[in-house]
Amino acid sequence: DVNNYYLYLPAVFIYNDIHLDYADVAPAEVKSKVWYKNAPNGGRVGKMSAGMAMCYSPFFLLAHWYALTSIHDANGYTLPYRFGMLMGTLFFLCLGLYYVRKTLSLYFPSFITILVCTSLALGTNIYYYCIYEPCMTHIVHFALISAFVYYSILWNKSESFKLSIALGVLIGLISLTRPSNIIIALFLFFWDIKSFKDIQVKVKHWLGKFKFLSVIAVFAFLIWLPQILYWKAVTGSYFYYSYGDEGFFFDNPIIFRGLFSYRSGWLLYTPIMALALIGIGCLRKQLSAFFWPTLLFISLNIYIIFSWWCWWYGGSFGARAFIDCYGLMAVPLAALFYFLWNKNKFAFGGLLTIVIALIQLNRFQSEQREVGS
């Protein structure tokens, strides 16, 4: 997968060849990493869209600059480039935790925020996809969606062009990198919705703020534009589905096994997220603005993720697709911690003990998965 995400960067910045003809004459160590599909018109097209390449481009360019001035071949695939991508993963992890902290700091004391950030970084499969399988989409999406949640809250409180631009860019990157995650846009609309009457009020309000919505749409489109032009140049069509026969089976979602089976079951291998699901119930009284958008999003997300033909997501560790939404799930997790802190300090201490145990379990299972693979 990483090869497919990365493909655009050397093709554009090193070989100046989006048609990938350079693969025919490239050295074996480069040619073996140029993966593509053949479009009906004979064009060579990357399977994955370019969102990840956009996100990793600053780190690629720094790596390329270093490679040009070092003993390493500046072919896009030597050590400096691999190191650059690893630093990109670390950057997006820190960025995601930064926005989680900013969101939680709006509503919770600092010790709850620290506890949640620690739980996410060490007690979930974020740890595995930073340490053992970096450069996948999920850490990047964790950062993008965490930022989207934070800016959505600010935008709902006070719309502005600056926030609208940020939301447009984020929606563009989120949907371009993983189209199914576009459902996070529901959070923007449903935040602080508590009844059907609130929906009517918000629709009326948004109609009066059409200029801000237009800015969001325009900047999301601008993020997509290079991809659309690329598809046109390579395949002859402005929109191209590069996954072939792979797709969703919405009439047969594999939800129970997806959550609990030994085949990468989400809650079996990342049980700390069960606490976040329980915490959604705490939102109704503590943070009612989050209750319906969080419940709606996670319900749809579970349905969509486990409707994919490969519901176990290949060699996934703990249903890796859910990492993307941990920035939102941090809120109900914090709500549960804070509820027990206020309700019963002894119960909070017990929960803290469980969290520490789950962090150790996650570390053990991550190492076990790596050895087993």
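Before we start, a definition: Ala, Val, Leu, Ile, Met, Phe, Trp, Tyr, Cys and Pro count as nonpolar, Asp, Glu, Lys and Arg as charged, and the others, Gly among them, as polar. The model is predicted, so local features need pLDDT of at least 70 and side-chain atom pairs pLDDT 80 or more, while totals for chains, interfaces and linings use all residues. Residues are numbered from 1 along each chain as its sequence is written, and side-chain values use heavy atoms, leaving out hydrogens and water.

**Exercise 1. The largest cavity**

Find which residues line the largest cavity, and sort them by class.

Solution. 
- Step 1: know the term. On a 1 Å grid over the protein atoms alone, a cavity is a set of points where a 1.4 Å probe fits but cannot get out, and lining residues have an atom within 4 Å of a point.
- Step 2: count and size. There is one cavity of 30 Å³ or more, and the largest cavity holds about 50 Å³ of space. Such a volume is the space filled by probe spheres set on the points, which are joined across faces, edges and corners.
- Step 3: list the lining. Val2, Tyr5, Tyr6, Leu9, Met52, Ala53, Tyr56, Met85 and Cys135 line the largest cavity.
- Step 4: sort. The lining has nine nonpolar, no polar and no charged residues.

**Exercise 2. The largest pocket**

Which helix gives the most residues to the lining of the largest pocket?

Solution. 
- Step 1: a pocket is an open set of points with protein on both sides within 12 Å along at least five of seven lines. The largest pocket contains about 770 Å³ of space.
- Step 2: its lining has 36 residues, with Met48, Arg178, Pro179, Tyr243 and Trp308 nearest the centre.
- Step 3: two or more residues come from each of helix H1 (2–6), helix H9 (161–177), helix H12 (210–235) and helix H16 (288–305). H16 gives the most, with three residues.
- Step 4: by class, the lining of this pocket divides into 19 nonpolar, 10 polar and seven charged residues.

**Exercise 3. Two helix pairs**

Solution. 
- Step 1: two packed helices are described by the angle and the distance between their axes.
- Step 2: contact means heavy atoms within 4.5 Å. Residues making the H5–H8 contact include Phe92 and Tyr99 of H5 and Phe142 and Tyr150 of H8. This contact has 15 nonpolar, four polar and one charged residues.
- Step 3: among the contact residues are Leu277 and Arg284 of H15 and Phe290 and Trp292 of H16. By class, eight are nonpolar, three polar and one charged.

Methods
Helices (H or I, at least four residues) and strands (E, at least two) are DSSP runs, numbered from the N terminus.
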